[in-house]
Amino acid sequence: MKALMVALMMAHLLSLALGQAVIRWYRLYGVSGYEILLKEVQYDGGSYLYGLASLRQSEGEDGISLVRYDLNGTLVDARPYGLANGVQEDAFGLQLLPNGDSIVVGAITEPIWEVNAPRPERTVIVYYPNVGNPSLERRANGLPVAMIFGNNRLYIATTNQQRQGAYLTFDPATQTVQATLLTGSDGFLLDIGWASPSGVVLGGWNGTASGRDGFYWQNATFTYLNASFGYVARVIPLESGNLAYLWGSGTETETQMYGPDGMQAEEY
């Protein structure tokens, strides 16, 4: 019951936060008529509740915002991003850092009138200090599909319009982003995981003439699970060095675990 009451209180506070965010956006930018789509809610384990929302208009510029409330119901801040930069933003994910700063990940689409041709859809990484407006942004090709935090870095799986997968590594200490492209696959990524013995592990599916084959990518190597219309929806590298993944196809689903030598250990 206590957990339910806390959840209800947090939901109520967030609804108030988003309502006041609209007022703040109007006062700051003179805009109205936005549809607010809540994408994520996180509690920092201390004093604040964080919400990440997309701000959309049927005609005009879209944006995103990080909203923060204290546990007494008082609005701390509503910090929008992207309302006047010429691109359309859609919120994707939020990562809270131990020092109180935040990393916001979004998808952006640049309008065709910028270069008289459609620009690639991209991932945007926005860094929010504990207090104040965003201090930087970083952009990379491809849309975000999954993200994981490990080794004091944020890893983001992306897929572009040419069905080429990659993962981005954002280091909050240096505030730099590095893109690692995956070669040898013609499909889409669905998930990303990280563990100390394994590093980054990715899962998804590869397009074939007869359908698609699910795969996981580990140590720069693709392992394909040959089945018609197969896919790997989740990858969970374990501290032991094993890998657990959720695999599915057109007719069945399985959860499997593989050891570091590639030998199957468990199947459910």
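Me: Which residue does R234 form a salt bridge with, and how far apart are the closest N and O atoms?
Reply: R234 forms a salt bridge with D191, and the closest N and O atoms are 3.1 Å apart. A salt bridge here is a side-chain nitrogen of Lys or Arg within 4 Å of a carboxyl oxygen of Asp or Glu. This is a predicted model, in which local features need pLDDT of at least 70 and side-chain atom pairs count only at pLDDT 80 or more, while totals for chains, interfaces and linings use all residues. Residues are numbered from 1 along each chain as its sequence is written, and side-chain values use heavy atoms, with hydrogens and water left out.

Me: What parts of the chain does the R234 and D191 pair tie together?
Reply: R234 lies in strand 17 (residues 231–237) and D191 in strand 13 (residues 187–195), so the pair ties together parts that are 43 residues apart in sequence. Strands (E, at least two residues) and helices (H or I, at least four) are DSSP runs, numbered from the N terminus.

Me: And is D191 buried or exposed?
Reply: D191 is buried, with a relative accessible area of 9%, whereas R234 is partly exposed at 44%. Buried means under 20% relative accessible area, exposed means over 50%, and partly exposed is in between, with a 1.4 Å probe and protein chains only.

Me: How many salt bridges does the structure hold?
Reply: The structure holds six salt bridges. One of them joins K39 to D90, with the closest N and O atoms 2.8 Å apart. K39 lies in strand 1 (residues 35–43) and D90 in strand 5, so this pair ties together parts that are 51 residues apart in sequence. K39 is partly exposed, with a relative accessible area of 34%, and D90 is partly exposed as well, at 23%.

Me: What does D171 touch, leaving aside its neighbours within four places in sequence?
Reply: D171 is in contact with N152, R153 and T176, where contact means heavy atoms within 4.5 Å. The side chains of R153 and D171 meet in a salt bridge (3.6 Å, N to O). R153 lies in strand 10 (residues 153–159) and D171 in strand 11, so the pair ties together parts that are 18 residues apart in sequence. D171 is buried, with a relative accessible area of 14%, and R153 is partly exposed at 27%.

Me: Where is T176, then?
Reply: T176 is in strand 12, where it stands opposite D171. Strand 11 (residues 165–171) and strand 12 run antiparallel and are joined by six bridges; two strands pair if DSSP finds at least two bridges between them. The two form a hairpin with four residues between them, and Q175 in the turn has a positive phi of about 55 degrees. Strand 12 (residues 176–181) is hardly covered, the count of buried residues among its six residues being zero.

Me: What about the largest nonpolar core, which residues have the most contacts inside it?
Reply: The largest nonpolar core has 14 residues, and those with the most contacts inside it are L66, Y81, L94, V104, V126 and Y128. Such a core is a set of buried Ala, Val, Leu, Ile, Met, Phe, Trp, Tyr and Cys residues joined through side-chain atoms within 4.5 Å. Beyond its neighbours within four places in sequence, V104 is in contact with residues including L66, L94, V126 and Y128.

Me: Where should I be careful? Over which residues does pLDDT stay under 50?
Reply: The pLDDT, which is the predictor's confidence in each residue, from 0 to 100, stays under 50 over residues 25–31 and over residues 259–268. Where pLDDT is low, the predicted coordinates should not be read in detail. The mean pLDDT of the chain is 80, and 73% of its residues reach 70 or more.
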